[in-house]
Amino acid sequence: MSEKLSPAKVETKVEDDKSDLSEEDKILNDELVLCVERLQDNDPGLYQAALQTLGNQIRASTTSMTSVPKPLKFMKPHYGTMKDIYETLQEAQVKKMCADVVSVLAMTMGDKRECLKYRLLSDLDQIGEWGHEYVRHLAGEIAGEWADITGEDENETSIKEKLILLARQIVPYNMAHNAEAEACDLLMEIERLDLLEEFVDENAYPRVCLYLTSCVPYVADPENTILLQTALKLFRKFNQYPQALRLAMQLNDHQLIEEIFTSCPDVSVQKQLAFMLGRQQIYLEINENVTEYDDLIEIMANCHLNNHFLNLARELDIMEPKTPEDVYKSHLENTRPPFGGGQVDSARQNLAASFVNGFVNAAFGQDKLLMEDGNKWLFKNKEHGMLSATASLGLILLWDVDGGLTPIDKYLYSAEDHIKSGALLACGIVNCGVRNECDPALALLSDYVLHSSNIMRIGAILGLGLAYAGSNRETVLSLLAPVFSDSKSSMEVIGMAGLASGMIAVGSCNPDVTASIMQTLMEKSESELKDTYARFLPLGLGLCHLGRQEAVEAIIAALEVVPEPFRSMAVTMVEVCAYAGTGNVLKVQQLLHICSEHYETGDKEDSRSDKNAKADKSKDKEEKDKDLSARQAVAVLGIALISMGEDIGSEMAYRTFGHLLRYCEPVIRRAVPLALGLISVSNPKLSILDTLSKFSHDSDSEVAHNAIFAMGLVGAGTNNARLAAMLRQLAQFHAKDPNNLFMVRIAQGLTHLGKGTLTLSPYHSDRQLFSPVALAGLLATLVGFLDVKNIILGRSHYLLYTLAAAMQPRMLVTFDEDLNPLAVPVRVGLAVDVVGQAGKPKTITGFQTHTTPVLLAFGERAELATEEYLPLTPIMEGFVILRKNPDFNP
């Protein structure tokens, strides 16, 4: 009897606490107490009814979970009793009912996963009826339990199977109740994402895939690939070819890309896929008897790019060619011309004007300096200046393979080698990003690759690198291979050959390119590797393995034989390229560690040691300095390169760069502005512009040069008014310093790139994909800037033309299914992240309605403003084919 009284005694205590209960609550409480007492009676007949009443009370109240439901609250004192009762029960059915109740009570009172423990003792189905919060709690405990299971013995395997059975109950419940994210989380925790396919239906897959793909930056290898593959399978299951293709490109899996493309039954959708492949510069060899073979090949080869871009220019009424003066707007500067004309180095200013003229009229096919009577302008430049001035023709005629080679042709017969070489480079630039079955670039440039003059070689080699960037063409690479071993090649030519081979084979891990470059690095003496152009050989290696992650480990091991200072720089370079855009936090930490080294090596010990030791020390110190400095500059760029893909990463990188600028060695400070430019290409964020603006007046001239160039990079193609004003002030400030003024001019040219219609950002498709070719072009220029005095301000300013690989129009053009341009209204606004939001949230904010073709700024998104058409791809960017909506009634 004493046993019987115990709950009653407890109850009296509780009664005192709850004396202020309302009538209903009192009734409920008494009912629950009665049930618990019945369960302690010796009459098994009452048990089932009592448990049923308990269960019903709990179920009735757990529908919503704003506060702890009353029955759970009142049952708190009886939790221990209930567990004891469970142990005493005999009959299996009753025992299961009791386990159910205890499991639910454990949600608020249990400890050490009792909720899961009792659930496993009962039936594993019908968990949904205990309410959403219970399912959620259970999922959490399953994940915890799974993480604790380590061994493979019988017992643990059976627990795993039970947990998976439970998960199979929970996932469909979550799917049915709009909690797709929770279902995905649970399956990620128990590493069974393959189960998703069974439970996802037509309505849920867009949300599930959106959630999976947006988790990718935040999970470690190899899980991120598994997420992408799962989403890809879902898209293919529901015949969403464009999205599947996009993920295949993100995975960089050529076989899969080809499979998706060829398996698509709908010709119009296939054309849309071809547009996407063209944008990513992936060219598939397709069977000639495919329907619309010519159209598909033409689209993939980007042959249409030039026409559509010019159509956009006509729509926007910006065909009128601009002069450098239109960009400088020097009439706004309030300076009087100094007495007796300016003392500015005029050849240098003419060179700057050539670049600005090329950048601002890029792809427009017309300008005011070169097209009418180019020779007059070319001879206002000196030597290498002529090379770059002639090559700027290539920018003006960008993508115009059919009409662009004629105006350049006459310069190939010039008496001046520099002009010829520039014309060769121009031919390469014109073909950049566009394929042509006649291969004009190959025909024109192949004879000059081993020309007796090194000047000519440079134009031809870099031209081939740009024309065939990303194509991984055997014929072109075999042309470049002999250059490495040729005795006449200077280090500059060899460096450019390495860079060009890397650009052609970008991201392909091509074994021949790897072998040629490795061979060259091993044969060169230590003094030859000290040459500033040697840095382009490891860059070529890195580009060849761009984004390939673990695939570079063999190469890093092979680089061990290269002599030090150079080795550590080369290893860092190859490694940062391999992890480009992955956001890999561990790599960033390693790079930060490299940046922080340095302090202990020389200075501190010097100050303590006496004078005699100092002489020996200084020799050591020089050695040490050499060791680290080149490597540190690469590491800084690497931090930006790895974290540029996603916002959180680049935000953190931005803060880190602030510290590096304040506290680090000159070598690191010089590289930081370039890295700041790289994390925000063509996206003029105020915080970054302000930082760069501050360092554009730095006492260290190289920091200033790089900061000014980075300002141009950040604002590339945006026409940003604030930036333009900053640059005009800088031009005034640096009016007497030809080098800084040159940089300001370049930055001004970049800001107005293509009159504000082009972008250099390697990210596209809602910033999901990065184009390896574009990234290769940016990297080539930035690595040149690591030694800005000798390369960019020396004779190799032509490296700026590698940016052509990254130039893309930031437009949206819509077509009907026969590929005729179609003007439709679209809403353009800032993209909003809608992952995991309920209902059908708006994906853009603050929109304006325009008629296509339209320009899209960084971070903007477009959506159709009419019901009449359906886009064949959900991401409205670049070239989009529209299909008549069959259900549309006007």
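What share of the 890 residues in the protein chain is buried? Buried residues make up 56% of them, where buried means under 20% relative accessible area with a 1.4 Å probe, protein chains only.

This is a predicted model, in which local features need pLDDT of at least 70, side-chain atom pairs count only at pLDDT 80 or more, and totals for chains, interfaces and linings use all residues. Residues are numbered from 1 along each chain as its sequence is written, and side-chain values use heavy atoms, without hydrogens and water.

Start with the whole chain selected. Its C-alpha trace spans about 115 × 85 × 55 Å along the principal axes. Colour by secondary structure to see 44 helices and 11 strands; these are DSSP runs, H or I of at least four residues for helices and E of at least two for strands, numbered from the N terminus.

Next, select residues 686-695, helix α39, and residues 701-714, helix α40. The two pack at an angle of about 150°, their axes 8 Å apart; axes are lines fitted to C-alpha atoms over the stretch in contact, and angles run from 0 to 180 degrees between N-to-C directions. That makes α39 roughly antiparallel to α40, a term for angles over 145 degrees.

Now show side chains. From α39, Ile 688, Leu 689, Leu 692, Ser 693 and Phe 695 meet Val 703, Ala 704, Ala 707, Ala 710, Met 711 and Val 714 of α40, with contact meaning heavy atoms within 4.5 Å. The residues of this contact divide into 10 nonpolar, 1 polar and no charged; Ala, Val, Leu, Ile, Met, Phe, Trp, Tyr, Cys and Pro count as nonpolar, Asp, Glu, Lys and Arg as charged, and the others, Gly among them, as polar.

Conventions. Angles under 35 degrees count as roughly parallel, over 145 as roughly antiparallel, 65 to 115 as roughly perpendicular and the rest as oblique. Buried means under 20% relative accessible area, exposed over 50%, partly exposed in between (1.4 Å probe, protein chains only).
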